Every structure is written in structure tokens, then in C-alpha cells.
Amino acid sequence: MAEYRPEEIEKRWQSYWEEHRTFRTPEDRTRPKYYVLDMFPYPSGAGLHVGHPEGYTATDILARYKRMRGFNVLHPMGWDAFGLPAERAAMREGRHPAELTIENIDNFRRQIKRLGFSYDWDRELSTTDPSYYRWTQWIFLKLMERGLAYQAEVPVNWCPAQGTVLANEEVEDGRYVETGDPVERRLMKQWLLRIPAYAERLLDDLEELDWPESIKEMQRNWIGRSEGALVRFAVEDVADATIEVFTTRPDTLFGATYMVLAPEHVLVDSITTSAQRAAVESYRAQARNKSDLERTDLAKGKTGVDTGARALNPVTGETIPVWVGDYVLATYGTGAIMAVPGHDERDWEFARAYDLPVVEVISGGDVTEAAHTGDGELVNSGFLDGLRVAEAKGRIIDWLEERGLGERRINYRLRDWLFSRQRYWGEPFPVVTLEDGTVRPLPEDALPVELPHVDAYRPTEDGEPPLARARDWVRTTDPGSGAPALRETNTMPQWAGSCWYYLRFIDPHNDELAVDPELERYWMPVDLYVGGAEHAVLHLLYARFWHKVLYDAGVVSTKEPFRKLYNQGMILAFSYRDGNGKYHHPDNVEERDGEWYVKGTEERLHTQIEKMSKSKLNVANPDEVIDRFGADALRLYEMYMGPLDQTKPWQTDGVRGMHRFLARAFRLLAAEDGQRAARVVDTSAPRELEQALHRTIRKVTDELEGMRFNTGIAALIELLNELYRVEEVPVDLARTFVLLLSPFAPHLAEELWEGLGGTETLAYEAWPEVNERLLEEETIELAVQVNGRLRGTIVVTKDAAKDEVLAEARTVENVQAHLDGRTVVKEIYVPGRILNLIVK
């Protein structure tokens, strides 16, 4: 009997697919399309670990399945290759980041190809290729044309050691979280994009998307839509000085007892009294070295200093003090707040710390003990007394508008997108600056603006970005006027290239357009986008913003880029640590009586499931797993571990189990010495076996459609067990089994298909159809209730066991949604009629 040798089988079929360009995207646009896309990876020097292929395997399974269902499938792969890691490596090794990037891409591509993914490699792209970033620059020009890109002096997190601006999320306690380098606040001229101009559409159009509700909510919170009022406070004894405040609680205006301005607010200099100037300037200097996240951290105490100025409360006419506090941000709202300590926890703590007055204006609490933030009737509020909060809001805004003291306003937490980086390895900006400071966009025929050669990738001695080292490149002329000009020395952030790559995959070799309109209309939107939840906000929000701009510019035909989004769970791994905190490699440990020890010693180890990390010695390398068990076994195991969207621990023994399953299929069905397997015969299947086959067809099909790959694989394992129970396996049934297996384990499936008489790849064979009439008499549709209310139906055999029915019921999305976070206290199952789950 032939032995299952995945290393030979997989190499053979990978060569076949590449030679025949099996997965090249069809050009015929008369058939339905399916565009399935992975969030393309950053090609790091570390290569892939076993967590990376999880999402790629899921999309590949669906791509193969959809081809067999008659769809034109677009399934591409590329590289998000700009960014700081390559630049740092270049500085360490004295090599060009492009050289390192190419090496990393080659390694990633090699690893990915070993897994047998059916990507159309003719469409491969990298964001670092000038032929690609030419169009990234072109889109930036579109943003400029529409007034959405501009330069401004803004406070930024500047890291002198790294020579670059850092995002707020990268700074903690005044230091860069990755390196510990000190970070300071600086005013720098930066490019910004007016993403808040699209805030309302970014919110509204979320409703049209088939995305996880948790991701939608994260985007809503990031955008942060607030309805309220803009209120004007005149500053006493300072001519023409008015402080504007946006508030969502204008109903509490009678309780505003002081104001707080951001340290950067434009009025601080003009309203601060001479007696308080030194204290204010000292405080502002300290605030400059804090990130926005640190300043707004609710766990840290709020600080401030009195400016000495007084403002007039527009409804009471009383003067209230104006303070400066770093917990107020210049970039949110108006950079000023009216403080109502009786009904805001943050204001109450500040008032208590600085002995400022607290006034109750909403009944229902004791504001001497804590802020009352709930509803109630208004008190101490003049004409608003006795009203509830909602009614009072409308009444006070009307009053303010009638007197020119304020108006209704919608505000967003979303701020302009800081779009500059002081780095080398990024897209150059397609602009020049004339001697008078005028910024001119370059014409399209001047694109791409390519990165120049520089003698080093660090900032210049005077703090200019690395591109400033290319003096001959920086000094240029304006193509329009011929006047002397300077190029921009900042580069775009890594987000830029990933904002639109899904469009370029549609038409990657077009030298005339970013994407052909007819191809775009056919392929867009992306039908399924799969990636990690860590991209829930920024990448997805930025990509949606750019897409909407391109929609307005007539470049794309859809309002949204990604129809359905799916976040795969993280694959974790066991780590083994001794009492001194030292980690040990899994190959050097052993289990005895439920405890773990350093192999061959009595040294006991603490084990836990953690994120894979080199430092914890728990990274599983896919190359090593493939060498031992084969790519098909790795693919199957990653899908069989559990539901795709859940976090799961890696265990190599599980891959061994999948290898055994594949080896059993090979032993039963593989040809030997050019002859069909001995037990595979030209005969019809007995009715019972045929019914088992069609139950499996229905089960696997349903589970593929629902992305429940683990239970689909379980059905295939059960069918193989059925085949082993019979003396002879009908050849048609064997072929159907192989077709069902093929999306999951394509290499072995191709090998078995050939041995069963197939003359060409099975990649485009028709997907098996279930014979419903064959199953009609043995299956029923069963109602599933939760607490007596119908939540779904399932199809089961008439005599299905209770455990089987319960397991099937939990695959129904609406049923599971009503069980999440609740305890099933009773299961009422009436065979053939109903299942009712009682929960609390």
C-alpha cells in the first residue's frame, strides 16, 4: 500500500498550479463575481508564524468553493511594505530599505506558496513599488483638489531619538512605548486630511454593511457624534474676547461655575493677567510634554492653573473664573469647556481640588458628595426650573439662538488626520513649495515622485527629515512656472498605501488609470474582507474615507469598499517559564502527572497560554509544521481548532491528528501503480451510504456558506469513517468526497482526483449538489425556541439524539445571539416537533 507523502504531493501540485496559472482571474464578466480579500501583510523580517495563515486559509477555502460554484473569483495577495521597521533595519545594517523589503517579501511569498493558497499571483503588488505609489500620490492630489488636504502648524509628539512624530497611541508617560525614548510636544508644520468632513457619511453608511456589530460600534465611538450647542462666553475687561464652548449639556448652563481652556488655546495669551502669566507659562511648558492620551486619562488627577481672567455666564450674567487645564484638548470641540461640577464627575473632582463653587441644577443627587449625572428636574435654573433634561435642552438652545448667544451644533470626536511622517521609507508628497511659501501640486505627468538616494536614513543634524539629505532632489523647479521650488521632505504614513490597494488589485498593470471604470463596476465592492480585529478602527476608517472621496470624484461606483467584514480570532500558544522567569522552548519540556518540567530534570515550570512571541519561545513556524505534517494538515488543523472568530491555543498534536485523517483518505482512495484503489469500484452506492453522502454535502455546503469550517471538517471526517465501514466504495461517491475535501486540503484532493480518473485540475469542477428528495423522508425541519420564542429552525434526522440537536441549534446565528452571556437552565426537546431552551 502506498504511503501518504505530503512533501511530494504538495510540491507536485503547487508546480502544476503555477505552470498552468490555474488561479488566474477570469476575464469573462458574464458570470457572477466573488471578490475575497485578505488584509495584506507587512512583510517583516521575522516571516510568518502559524497565526498568520489562519485568515488566509479561510479565504482560500471560500475562493476554491466559489470557483466550483461557478463564480468568477478575484483572490489576490500583495504587500503593505512601507513603514518604520524596514527603515530601522536599514539603519542597523547599513542597507537600503528597498533591498531588505524585497528579501522579506520573497520569504513571505515562499512561505505563503507552500500553503497552497489559490492567489492570482499575476496581480501581486507592493505599496513600495513606484508604479503603485504613483497612484497613491495621484489620490493625494485628488484630496488636495477637493480641499481635503492642507498644511498647518500643529502640536505633535516628537521623539528626538527616533527623529519622527509619533501617534498618541505610541506615547505613554512622556516616552515612546516601543523604545522608552523621551517624547516632547512640538509645534510642527504637518499635512492633515479633513476626514471629519465625511464624519456623517462614515456613520450613516455603516448601517449598510455586513460587519460585526462590535466593529461598527468601535467606529461609531471613534467618530463620536455629539448633538448639543455652541455657547459664547464674553471675557470681562478684554475687548472683543469671546470664548466659544461646545456642550452636549446646555441644560446645565445655569450650573457652569468656571471655564477651562486647553493650554494651546489661542486666547490664553491675550486673556491671562500679568499676575498669573508666570504660573500659566510654567504650566503650559509642562503640558507640552504630555501626549493627548496622558492628558485625558481619567485615572490620573486633573491639574490646572487660573489665568486670572473672568468670563460672563450668558444665562446668569455672573462672572466665573477661566482656568487652563491640560485635560482639555485644543483639537477637540473648541478647545474650551464650561465646567458644571455639580453634574460632571471630572469637573467635580477639579472643583474639589481647587476649591471652586459647585451648584446643583438637576435634582436627584447630593452634589456636595458627588456629581449627579442622571436625569431629574431642573432647579436653580430660572425659566428652566421644573423641566426634565431633554425638554430643557431644547428650550435653552432656543433661548440662546434668539439672543445670538449660541446655536445648535453637531460635533465629532473625529479629528483631522495627521498625514505626515518624518521618515524616509514612505511615499513622497507630490507637491513643491515656491520661495513665497505657496504650495503647488505637481501635474499628473510628473508622477511618480520617486524616493531619492540618501547617505543615511536618520534625520539631519538640524532635525530635518531624512529626505532633506537629498539636497539636489529637494531643490527643483515648479513644472508650471519654472520658478525655483523645494520638494516636501516629509513622507506619507504607512496607512496611505493600504487605503486603496483593493482597487489596484482589480487592475494592477494599468499605466493610464488607477483602476479601469468597467472593471471597477464589475468587481466592487469587495464581497468578503478578512483580517484581525486590531484594524477595527484606523485602517478601516481611513480606507472608507478615501473610498468616499474617490466616489465623489467619480473614480469608483460604490459608496463603501467592503461589503462583508470578518475578523478571525487570534491563535495563541502555550509558554513554559521557570521560577526565575526564564522561558523554555516546547521541545525542551515534558509533562509528568499533569505538571510540566524541564526535560530530564526536576525543575517545575509554570505554563500559560499567551500571544506568540520570540521572547517567550512559543512561536510555531509554519515551515517546520509543513516539513513534519504537510500543508494540507496545517490548513485543516487551523480551521478545525474551533470557530474562526474565536481565540484558540495552538497545539502541535492537533496537526498530527489532521495528518492521520488525510493519510486514511489517501490509503482508501489513492491510486497505486497507475491503478485505481482496490476498494474503489464501479458500482452504485447502497441507499444508506448515499444518504450519508448527501447529508454531508448539505452539511459541508451550509458550513462553508456560514464560515463554520470546523464543523464542515467534522462532517468530512465522519463521512470517511462511513466509507471505511463498507467493503467497496462506489467511484462516484469517492469522487464526490474528494470534491468536498478539495477546498480544505487541495493538494491531496488533486492527487486523489487524478487517481480516480480526473484528467484536469478539479479547481473548476462543479460543486456537488444535494439530492433533497433522497433526504426528505429521513429529515425534518425543527423549530428552535429560546424562552418560548421562535429564534430559528434546523434540519435534523427524525430520530436525532438530543445532543446532536443541541449542537446543531447552536450553529444558528440568531439562536446563539440569544444565548450569549446567558445560562441555559433547562432544555426541552420533543423529538420531531420542537426544541425550547430556557435561559436566565
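Tutor: Helix 4 is followed by glycine 116, whose phi is positive, near 75 degrees. The model is predicted: local features need pLDDT of at least 70 and side-chain atom pairs pLDDT 80 or more, while totals for chains, interfaces and linings use all residues. Residues are numbered from 1 along each chain as its sequence is written, and side-chain values use heavy atoms, leaving out hydrogens and water.

Student: Which residues of helix 4 are buried?

Tutor: Helices are DSSP runs of H or I with at least four residues, strands are runs of E with at least two, and both are numbered from the N terminus. Buried means under 20% relative accessible area, exposed over 50%, and partly exposed in between, with a 1.4 Å probe and protein chains only. In helix 4 the buried residues are Pro97, Leu100, Thr101, Asn104, Ile105, Phe108, Gln111 and Ile112. They lie on the same side of helix 4, because they cover an arc of only 135 degrees around the axis (the arc of the directions from the helix axis to the C-beta atoms).

Student: How many aromatic pairs does the structure hold?

Tutor: Rings of Phe, Tyr and Trp (its six-membered ring) pair if their centres lie within 6.5 Å; planes under 30 degrees apart count as stacked, over 60 as edge-to-face and the rest as tilted. The structure holds 43 aromatic pairs. The rings of phenylalanine 140 and phenylalanine 429 have centres 5.1 Å apart and planes at 70 degrees, so this pair is edge-to-face. Both phenylalanine 140 and phenylalanine 429 are buried.
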